[in-house]
Amino acid sequence: MNPTTASSLSEPLAWPEGGVARVPFRVFSDAEIYALEQERIFRGPIWNFLCMEADVARPGDVRTTWVGETPVVVTRDQDGKLHAMVNRCAHKGALVCLKQKENRESLTCVYHAWNYSLDGKLQSVAFRNGLKGKGGMPEDFDPSKHRLQPLRVATFCGLVFGTFSEETEPLEDYLGAPMAKFIARNLGRPLKVLGVHSQMIHNNWKLYAENVRDSYHATLLHTFYTTFKVNRLDMDGGIILSDKKWHHISYTKRATLQAEKEYETVHAGQYQSQLAGPELLRAWDEFDDGITHSIQTVFPTLVVHFTLNSLAVRYFVPRGVDKTELYWVFLGYERDDAAQQRMRVMQGNLTGAAGLVSLEDGCINEFVQRGTHGSPDEEAFIEMGGKVAESNESSRATEASVRGFWHGYRNIMGFN
Amino acid sequence: MAAQLKDAAQVDSATWFRVANFLADYAHRLDDGLIDDWTGFFTQDAVYQVTTRENFEAGYPIGIMLCEGRGMMEDRVLALKTANVFEPHTHCHILGRPDLRPAPDGTIAARSNFSVYRTMESGATELFALGKYLDRIVFEGGQPRFRERRVILDSRCIDVLMVFPL
Ligand code: FES
Ligand SMILES: [Fe+2]
């Protein structure tokens with residue numbers, strides 16, 4: 001394979017030989033590549049996760065969010081229709097909405113009081129006709145030519161997505177049938193938000209995108225998983241990649257554990273303990289497919305996890321080339337009874353910024369960021385489970401979904 | 001749930017000093033790395049929670065950390081000592097003056113503000129957490145203990161990760 005280049009960089013990127021089994025470290029710290037990603041990925045032909053539909057449940061609800069680095073606002077108008085637009089005034093570019101969530105009849109910019117309807121159309125301009133016959137906008141000022149820049153919006157199972165591109169395929173095609181079906185398994189009924197928080201991680205956003213697809217690390221780094229037999233690679237499980245390979249599902253069936261002696265030799269297998277507070281892992285079988293643990297990604301920045309009964313949506317927002325904000329939205333179902341909700345709440349300890357199994361991910365990607373910074377011409381070696389990106393329904397001792405991410409990334413970035 | 005009792009008088013001054021010393025002792029032991037002493041500050045069935053102002057005000061049950069009973073606290077300590085992987089760091093608590101009032105159920109309702117600075121292996125010291133403690137304190141054999149300690153962070157965003165209790 002010949003190294004190929006992307007031309008809009010002042011120094012073109014030559015992807016290493018070895019294809020998706022290699023990643024040049026430059027992509028994690030190059031500000032030009034980061035800027036190009038904003039254009040080709042976040043403002044490109046993909047669906048970005050914006051917020052939960054529950055955030056904008058009622059007419060007049062307004063929720064601020066981001067698409068890449070661009071501030072975006074999602075609204076529900078009085079007719080119940082959802083809208084998304086850039087949170088940037090058509091006058092001089094100030095943020096129009098400042099709060100994370102509120103309920104409003106219309107949107108007014110605080111700077112010079114331009115007022116927009118909930119669909120982003122400009123309704124009125126302060127002092128348009130001047131005062132006492134003096135000042136005001138010119139004769140040819142046409143409010144219909146000015147509005148908040150709209151995004152296309154689509155929803156699926158309580159998730160709101162937006163796209164800047166006219167070319168983006170319909171959302172369900174973008175997800176593909178296997179991905180959509182699994183999202184529907186997990187989120188396809190009335191949802192209840194149980195808690196939210198975020199975590200600032202000091203690494204490029206793609207390191208988290210890789211990390212969450214990395215079924216190889218999960219049971220090695222996250223000792224708690226292994227010891228308490230929540231997730232191990234000697235349980236039945238598998239990896240499913242989408243057609244473009246950039247979304248994935250990794251799943252585990254806990255009841256199928258057949259303890260392998262390989263685990264005795266790694267740190268993760270050494271920690272022997274009975275829980276002094278066993279309520280932490282009290283769980284019930286919610287589904288009859290045997291799957292007790294799953295992580296699903298939707299390119300570029302959405303994750304849905306279901307660990308035992310702990311259900312959460314995670315999404316991450318790039319905050320600079322080496323900084324990412326990771327959001328956690330813990331969920332239950334409206335139909336849950338008190339005992340079920342309590343189990344979800346207790347298992348909430350497993351993940352999040354202080355999660356007994358997930359807290360390592362807060363620092364591990366930063367370790368890669370720090371380790372690779374200053375070595376842009378070196379590369380990662382990603383050959384566990386082979387050199388290609390293919391689904392594998394028999395083993396998760398593989399980096400197939402990580403290679404899948406890079407396959408999709410290279411295509412959309414033109415790094416082929 | 002611990003709340004301020006605005007209309008109740010403060011506890012008597014002897015009690016106030018004992019409880020204030022207890023609150024300071026809790027912070028100093030954590031700051032000195034005596035994590036094994038942590039669970040001893042709680043009653044057997046105590047609730048310890050770290051959450052955010054946003055979750056607290058919305059009534060959301062899931063915050064950052066939740067232990068119901070000392071067993072779950074002991075599991076946290078064991079996990080951070082043997083299982084969890086993180087870059088070494090220390091905490092330093094700065095406590096505000098506590099507000100201590102007798103509650104109708106016989107406990108003491110306490111509120112105090114705190115800031116916690118974190119020092120990393122690199123030498124960098126930064127503000128890590130800021131907020132308030134809402135506590136219910138009881139005396140067991142003459143010794144004050146938390147029956148409930150809710151740590152309400154002002155920010156929704158945790159820098160890097162949280163592994164040590166606050
Ligand atoms: S910038 Fe919004 S009204 Fe002027
Ligand atoms: Fe992880």
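Mentor: Happy to! Please keep in mind that the model is predicted. F41(B), with a relative accessible area of 6%, falls under the 20% limit and is therefore buried.

Now for the rings. Over all chains, the structure holds 33 aromatic pairs. One of them joins Y26(B) and F41(B): the ring centres are 5.4 Å apart and the planes stand at 85 degrees, an edge-to-face arrangement. The two partners are 15 residues apart, with Y26(B) in helix 1 (residues 13-31) of chain B and F41(B) in the loop between helix 1 and strand 1 (42-52) of that chain. Y26(B) is buried too, at 1% relative accessibility.

Another pair in chain B brings F42(B) together with F146(B), again with 5.4 Å between the ring centres, but here the planes meet at 40 degrees, so the pair is tilted. F42(B) belongs to strand 1 and F146(B) to strand 7 (residues 143-153) of chain B, so this pair ties together parts that are 104 residues apart in sequence. F42(B) is buried at 0% relative accessible area, and F146(B) counts as buried at 0% as well.

Chain A has its own aromatic story. There, ring pairs link a cluster whose members include W15(A), F28(A), F42(A), Y174(A), W205(A), W246(A) and F299(A). F299(A) has a backbone feature worth a look: the peptide bond from F299(A) to P300(A) is cis, with omega near 5 degrees. P300(A) itself sits in the loop between strand 15 (293-298) and strand 16 (302-307) of chain A.

Rings can also carry a charge over the face, and Y333(A) has two arginines placed that way. R189(A) lies over the face of Y333(A) at 4.7 Å from the ring centre, and R344(A) lies over the face of Y333(A) at 4.9 Å from the centre.

N87(A) is found in the loop between strand 5 (82-86) and strand 6 (101-103) of chain A, and at 3% relative accessibility N87(A) counts as buried. What does the side chain of N87(A) reach at 2.9 Å? The backbone oxygen of C97(A). A polar atom of the N87(A) side chain also lies 2.8 Å from the backbone nitrogen of V96(A). If neighbours within four places in sequence are set aside, the contacts of N87(A) include T64(A), P71(A), V72(A) and V73(A), along with V96(A) and C97(A).

K132(A) is not a glycine, yet has a positive phi of about 50 degrees; K132(A) lies in the loop between strand 9 and strand 10 (150-156) of chain A. At 85% relative accessibility, K132(A) counts as exposed. C157(A), likewise not a glycine, has a positive phi of about 50 degrees and is placed in the loop between strand 10 and strand 11 (159-163) of chain A. C157(A) counts as partly exposed, at 21% relative accessibility.

Strand 9 also takes part in a sheet. Strand 8 (residues 115-116) and strand 9 pair over 2 bridges, and N115(A) stands opposite S124(A) in strand 9.

Finally, let's step back to chain A as a whole. Chain A has 9 helices and 19 strands. Its radius of gyration is 23 Å, close to the 22 Å that the globule rule gives for 416 residues, so chain A is as compact as a globular protein of that length. The C-alpha atoms of chain A fill a box of roughly 85 × 60 × 35 Å along the principal axes. Buried residues account for 60% of the 416 residues in chain A. Of the contacts in chain A between residues at least 6 apart in sequence, 65% join residues at least 24 apart.

Definitions and conventions. Residues numbered from 1 in each chain as written. Chains lettered and ligands numbered in written order. Predicted model: local features only at pLDDT ≥ 70, side-chain atom pairs only at ≥ 80, totals over all residues. Heavy atoms only, no water. Pairing = 2+ DSSP bridges. Helix = DSSP H or I, 4+ residues; strand = E, 2+ residues; numbered from the N terminus. Phe/Tyr/Trp six-rings, centres within 6.5 Å; stacked < 30°, edge-to-face > 60°. Buried < 20%, exposed > 50% of the residue type's maximum accessible area, 1.4 Å probe, protein only. Lys NZ or Arg CZ within 6 Å of the ring centre and 35° of its normal. Contact = heavy atoms within 4.5 Å. Polar contact = N/O pair within 3.5 Å; in protein donor to acceptor, adjacent residues only side chain to side chain. Rg over C-alpha atoms; globule rule 2.2 N^0.38 Å.
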